Amino acid sequence: MVQSKEERVHKVFEKIYGNYDKMNSVISFQQHLRWRKDTMKRMDVKPGAKALDICCGTGDWTIALSEAVGEKGEVIGLDFSKNMLKIGEEKVSNHPIKNIELVHGNAMELPYPDNSFDYVTIGFGLRNVPDYMQVLKEMYRVVKPGGIAVCLETSQPTMIGFKQGYRFYFRFIMPAFGKIFAKSYEEYSWLQESAKDFPGIKELAGMFKKAGFRDVEYKPYTGGVAAVHIGHK
């Protein structure tokens, strides 16, 4: 029986949750921390705001948003992997600011009314969903007018030489790292497949616009291996 993309991704993350944070650092050579820090600077999150972090995984970006909105703000982290959320719950329980709620849910069908959040984020999760446009439309639906939706994700380098090196790394080196450091070759092989097929930076900007966002901004990181997109409603 052939698994759907959603079933396969769910199986992957239910297995790799214990090594997920360590592998993020290994795979990106710690660059994902710098990318997220710059993204947060660009977002200029206001104290007291309400934010939703979709595909929140183990909750690192959720916690960063929590610190930005402060005690008077509210942050919800949503993910479809209960095992990933378990790691997030451990982090949240030790976090001094008590403004975070972690929710088991599906990015394709967000359980919130229209116009609910000032900020909606998704970090390294969009490439794993079955339908990119459906998730972008859901992000547009739940963000308030005047709010923003933000996607930090792998991208497609265009520079000759760098592009080929990137593809070689994702196809061969990253799964090998998965085998060495997390005993999960098959799972990290799948993650490189999802990165390989993900839209390039301009294509994703076009999808943001098609979903309804205006004044779409984007910035590539580290030669285009990753990029942030920000859409305004």
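The legends below accompany close-up views of a predicted model.

**Figure 1. Overview of the protein chain.** The protein chain has 233 residues, of which 55% count as buried. Its secondary structure consists of 9 helices and 7 strands. Among contacts between residues at least 6 apart in sequence, 74% join residues at least 24 apart.

**Figure 2. The largest nonpolar core.** This core has 31 residues. The residues with the most contacts inside it are L52, I54, Y112, L126, L136 and M139. At least two residues of the core come from each of β1 (50-54), β2 (74-79), β4 (117-123), α6 (132-142), β5 (143-154) and α9 (201-210). Helix α6 supplies the largest share, 6 residues. In soluble globular proteins, nonpolar side chains tend to be buried together.

**Figure 3. Surroundings of M139.** M139 is one of the residues with the most contacts inside the largest nonpolar core. With residues up to four places away in sequence left out, M139 touches I54, L110, V120, T121, I122, A149, V150 and F213. One of these partners, I54, is itself listed with M139 among the residues with the most contacts inside the core.

**Figure 4. Packing of helices α6 and α9.** Two packed helices are described by the angle between their axes and the distance between the axes. For α6 and α9, the axes come within 9 Å and cross at roughly 50°. This angle makes α6 oblique to α9. The crossing of the two helices is right-handed. On the α6 side, Y132, M133 and L136 take part in the contact, and they meet L204, M207, F208 and K210 of α9.

**Figure 5. Packing of helices α3 and α4.** Helix α3 covers residues 31-43, and its axis comes within 12 Å of the axis of α4. The axes cross at roughly 35°, and α3 passes α4 in a right-handed crossing. R36, T39, M40 and M43 of α3 make the contact with D60, W61, A64, L65 and A68 of α4.

Figure 6. I63 lies in α4, which spans residues 60-69. Its relative accessibility is 13%, so I63 counts as buried. Apart from neighbours within four places in sequence, the residues in contact with I63 are K91, V92, H95 and I100. I63 and I100 are 37 residues apart along the chain, and their C-alpha atoms are separated by 7.7 Å.

**Figure 7. Cysteines C56 and C151.** The count of disulfides is 0. For C56, the closest cysteine sulfur is that of C55, and at 8.1 Å it is too far for a bond. For C151, the closest cysteine sulfur is also in C55, at 9.4 Å, which is again too far for a bond. The cut-off for a disulfide is a pair of sulfur atoms within 2.5 Å. C56 is buried, with a relative accessible area of 8%. C151 is buried as well, with a relative accessible area of 0%.

Methods
Residues are numbered from 1 along each chain as its sequence is written. This is a predicted model: local features need pLDDT of at least 70, side-chain atom pairs count only at pLDDT 80 or more; totals for chains, interfaces and linings use all residues. Side-chain values use heavy atoms; hydrogens and water are left out. Helices (H or I, at least four residues) and strands (E, at least two) are DSSP runs, numbered from the N terminus. Buried means under 20% relative accessible area, exposed over 50%, partly exposed in between (1.4 Å probe, protein chains only). Contact means heavy atoms within 4.5 Å. A nonpolar core is a set of buried Ala, Val, Leu, Ile, Met, Phe, Trp, Tyr and Cys residues joined through side-chain atoms within 4.5 Å. Axes are lines fitted to C-alpha atoms, for helices over the stretch in contact, and angles run from 0 to 180 degrees between N-to-C directions. Angles under 35 degrees count as roughly parallel, over 145 as roughly antiparallel, 65 to 115 as roughly perpendicular and the rest as oblique. A crossing is left-handed if the near helix is turned anticlockwise from the far one by less than a right angle, and right-handed if clockwise.
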